[in-house]
Protein chains: 2
Amino acid sequence: MDSVSVGVDVGGTLTKVVALTGGGSILREFELPTQGGEGPQRFIERLGSVLRLLASELGRSPAALGLALAGEVDSRRGILRYAPNLPKWNGFDFRRALRGRVGGRVVVENDANMAVWGAYVRELKRKPKHVVGITLGTGVGGGLVIDGRLHRGATGSAGEFGHMRVNPRGRRCRCGSRGCLEAYLGAWALLADAKRALRRRPSRALRTLCPDLRRLETRHLALAAQGGDRVCRQIWEEAGENFALGLAGLVMILNPEVVLLLGGVSKAGKLLLSPLRRRLAAEPFRAPFRGLSVRASRNPNWGCVGAALFALEPDPGAR
Amino acid sequence: MDSVSVGVDVGGTLTKVVALTGGGSILREFELPTQGGEGPQRFIERLGSVLRLLASELGRSPAALGLALAGEVDSRRGILRYAPNLPKWNGFDFRRALRGRVGGRVVVENDANMAVWGAYVRELKRKPKHVVGITLGTGVGGGLVIDGRLHRGATGSAGEFGHMRVNPRGRRCRCGSRGCLEAYLGAWALLADAKRALRRRPSRALRTLCPDLRRLETRHLALAAQGGDRVCRQIWEEAGENFALGLAGLVMILNPEVVLLLGGVSKAGKLLLSPLRRRLAAEPFRAPFRGLSVRASRNPNWGCVGAALFALEPDPGAR
């Protein structure tokens, strides 16, 4: 009987749970409210109920569980070091808490790393050796696959691209620094751009798509731009150009085969990819850009599946 | 009998040759003029004479040879793709040309990669897993060790840090772009800084150390600064601060244990390291900077030894 692996992706509001076969087929999917304010022990109990339900439905305990958390994770020890959005969870030993509830291995990892891993295995079929994955959500993060394996770095924070500086005199970022990639490309930054632009020049398209600007989302900016709205086109254009400044450095450093964009903002597709590719094509130092593929993932939310797949790796704790 | 490996580091003027035992002891060292204008075939013949001399002196043929070239190398095939300073050598198949002259394996690699490899094996004793090496010479380059192995990237250009942009509106670089790391940290840029500064404000120290400014070298700038010269101290201070802008991004991407500075400019030591470390310590996103060691190599010229050591690796062609 094929072994079952469970992936758990903890979001700010909802936690997604998926059960996969070793071959990657999805057996079951669940969602539970994260309710981070309650503390991690209550979360583990509620997740435990889901795992019991799963085991009884599938007639077997999962052989492995991968937990994806938005924060700094000590993956060797299975501890969440620091999560800005889950302050009560900091320092909690998730591996120990979950070990009794899963038959097999428990792997705890950063959520962006797991999303990149999921895309690498399922979408790229592990074909390229070196891949840079960039998660574009409210914040900007990412993960690296080097020589076919996840690269965590010395303390597990490799691939945190959000606060790379693309312009030292650039925009103020929410981290306190200036000119971070996130200050140009995070959903919060794009929405602030749109609201600023709308004060100068109203956009009928945007008003129609989202009459209440407090509910504005980046998908509205993409829809309006796709419909020809100039204000929104300009926002994506600038975002793509600033993205290229950071991405060019990344590509020179790592020389990957593929750069893959993930996360909600990546759904903007060509709006973001066209100015990005155009700028990269103009880089004077050509070597690492020749043959480079820059694309948006077909499924921007691989975190949960990636965590389940990663927990099945022969040696997920090695790097 | 311990096997012998030969390392060859081709510089613009001089080519250095070293013969090492497998244990890393230096048996012989030679220098020959590169004379790149003559074309690669003549160079191979002259190198062949050195190899014959070596074999007769040591009583055996080398088991491996590592050739380090300043340019874009196809290390899989052993071909120099593109070397800006050796135009007649572009496209030459060095592996084939050398194979008949060495008993064993011939490895052709980028010179900065080999310098970083030499420092990794001999100076760091392979202890850290992830190391960023930055070569600071006339130009700026580097190499990456990831998980204890050299990371070349998809096309062998990984670790080319010189043209990472630290400021998109910054100084004009000799590559045609703006604000590249090299435009702040390459020896050519530091010397231009000094000459510019001297036009505004003369430096008695520098005039004493180097009466003919056409012969100015970065070691003069370091000596003057160490002696308290303000103009020169300011140059190193600014270089270190601009270096930090680029290095911070590198560290966030890769999360290495060690950043090692190599090459002639790294001899400035604390003049460069102090402002660099101070700026890195002020980065708001702390995770990858905690525990990071940033230091200058004790031997800034590991290229030749690195090439000899790399040629002895069990699988030097894998990444």
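Ground rules, quickly. The model is predicted, so local features need pLDDT of at least 70, side-chain atom pairs count only at pLDDT 80 or more, and totals for chains, interfaces and linings use all residues. Residues are numbered from 1 along each chain as its sequence is written, chains are lettered from A and ligands numbered from 1 in the order in which they are written, and side-chain values use heavy atoms, with hydrogens and water left out.

Start with chain A as a whole. Chain A has 10 helices and 12 strands. Along the principal axes, the C-alpha trace spans about 60 × 45 × 35 Å.

Now burial. Of the 319 residues in chain A, 60% count as buried. Buried means under 20% relative accessible area, exposed means over 50%, and partly exposed lies in between, with a 1.4 Å probe and protein chains only. Chain A exposes about 13,000 Å², and carbon and sulfur atoms supply 48% of that. The areas come from Shrake-Rupley with a 1.4 Å probe; for residues, only the protein chains shown count as cover.

Contacts next, meaning heavy atoms within 4.5 Å. In chain A, among contacts with a separation of 6 or more, 61% join residues 24 or more positions apart.

On to the interface. The area buried between the two chains is about 3,500 Å², with 56% from carbon and sulfur atoms. Buried area is the accessible area, 1.4 Å probe, that two parts lose on being put together, summed over both. Arg165(A), Ile253(A) and Asn255(A) supply 18% of what chain A buries against chain B, more than any other three residues.

Stay with Asn255(A). It sits in the loop between helix 8 (230-254) and strand 11 (258-262) of chain A. Asn255(A) counts as buried because its relative accessibility is 0%. Its phi is near 55°, a positive value in a residue other than glycine. Most residues other than glycine have a negative phi.

Chain B has a case to set beside it. Arg126(B) has phi near 60°, also positive. Its loop runs between helix 3 (111-123) and strand 8 (131-136) of chain B. Is Arg126(B) buried or partly exposed? Partly exposed, because its relative accessibility is 38%.

Back to strand 11 of chain A, where we find Leu260(A). At 2% relative accessibility, Leu260(A) is buried. Leaving aside neighbours within four places in sequence, its contacts include Ala119(A), Val132(A), Ile134(A) and Arg295(A). Leu260(A) and Thr135(A) are 125 residues apart in sequence, yet 8.6 Å apart in space, C-alpha to C-alpha.

Last stop, Gly91(A). It lies in the loop between strand 6 (79-82) and helix 2 (94-99) of chain A. Gly91(A) is partly exposed, at 48% relative accessible area. Not counting residues up to four places away, Gly91(A) touches Ile79(A), Leu80(A) and Arg81(A).

Key. Helices (H or I, at least four residues) and strands (E, at least two) are DSSP runs, numbered from the N terminus.
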